[in-house]
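Here is a short briefing for a first look. Please view the sequence and the structure, then read the points below.

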Amino acid sequence: MKRLITALLIAATGWVAMAGPAMARPDHDNRRHGPHEGPGHMMRMFKGLDLSDAQRSQIEGILQANKADGQALRQRSKTLREQMSELDPMASDYSTETQMLANQAAELKREQVLHRSELRRQIAAVLTPEQRAELEAKMEAKQERFRERAERWASKPDA
């Protein structure tokens, strides 16, 4: 049961991470990207969509403009996870603190979903209908692969 819950949490945060802006980590080596691909994971999602230079430039601008917000949301998520892990389950205010952090996590998830959907809307406006359909198919395939991995992992017996 513990693995299933963990797998579901990973799956939920995976979607946010997959669609989040400018996925490059500060310690990530971005030199392997081509001249038209900006740093980060997001531009790789558009590979094979036959983007024009203007489209590529617009998408890079959208990603860059949203980068700070995405980083702030990820930092808040990290801080919240750290706060949760630091709670003492034997403390008298454990339930109150857990409830407060759960409420913060719910609000943060709401903000992440809204941020991701706005980013997706902005990018979709740059793409042609054919490119949008192809990108959607690529994202669905990726999500399916992720789900399969999560199910395989969740089905492993607890160690």
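pLDDT is the predictor's confidence in each residue, from 0 to 100. Helices (H or I, at least four residues) and strands (E, at least two) are DSSP runs, numbered from the N terminus. This is a predicted model, in which local features need pLDDT of at least 70, side-chain atom pairs count only at pLDDT 80 or more, and totals for chains, interfaces and linings use all residues. Residues are numbered from 1 along each chain as its sequence is written, and side-chain values use heavy atoms, with hydrogens and water left out.

**Confidence**
- The chain has a mean pLDDT of 80, with 74% of its residues at 70 or more.
- Helix 1 (residues 2–19) has the lowest confidence, a mean of 52, while helix 4 has the highest, at 94.
- Over residues 15–39, pLDDT stays under 50. The model has 55 contacts (heavy atoms within 4.5 Å) for this stretch beyond four places in sequence.
- Where pLDDT is low, the predicted coordinates should not be read in detail.

**Overall build**
- The chain holds five helices and zero strands. Its pattern along the sequence is α-α-α-α-α.
- Of its 159 residues, 28% count as buried. Buried means under 20% relative accessible area, exposed over 50%, and partly exposed in between (1.4 Å probe, protein chains only).
- Among contacts between residues at least 6 apart in sequence, 65% join residues at least 24 apart.

**Nonpolar core**
- A nonpolar core is a set of buried Ala, Val, Leu, Ile, Met, Phe, Trp, Tyr and Cys residues joined through side-chain atoms within 4.5 Å.
- The largest one has 15 residues. Those with the most contacts inside it are Phe46, Leu51, Ile59, Leu63, Ile123, Leu127 and Leu135.
- Helix 2 (42–45), helix 3 (53–86), helix 4 (94–126) and helix 5 (129–154) each supply at least two residues of this core.
- Leaving aside residues up to four places away in sequence, Ile59 touches Met43, Phe46, Leu51, Ile123, Val126 and Leu127.

**Helix 5**
- The buried residues of helix 5 are Gln131, Leu135, Met139 and Ala150.
- Helix 5 has 26 residues and should span 38 Å at 1.5 Å a residue; its end C-alpha atoms lie 37 Å apart, which agrees. The expected span is 1.5 Å times one less than the number of residues.

**Asp50**
- Asp50 sits in the loop between helix 2 and helix 3.
- Asp50 is not a glycine, yet has a positive phi of about 55°.
- Asp50 counts as exposed because its relative accessibility is 71%.
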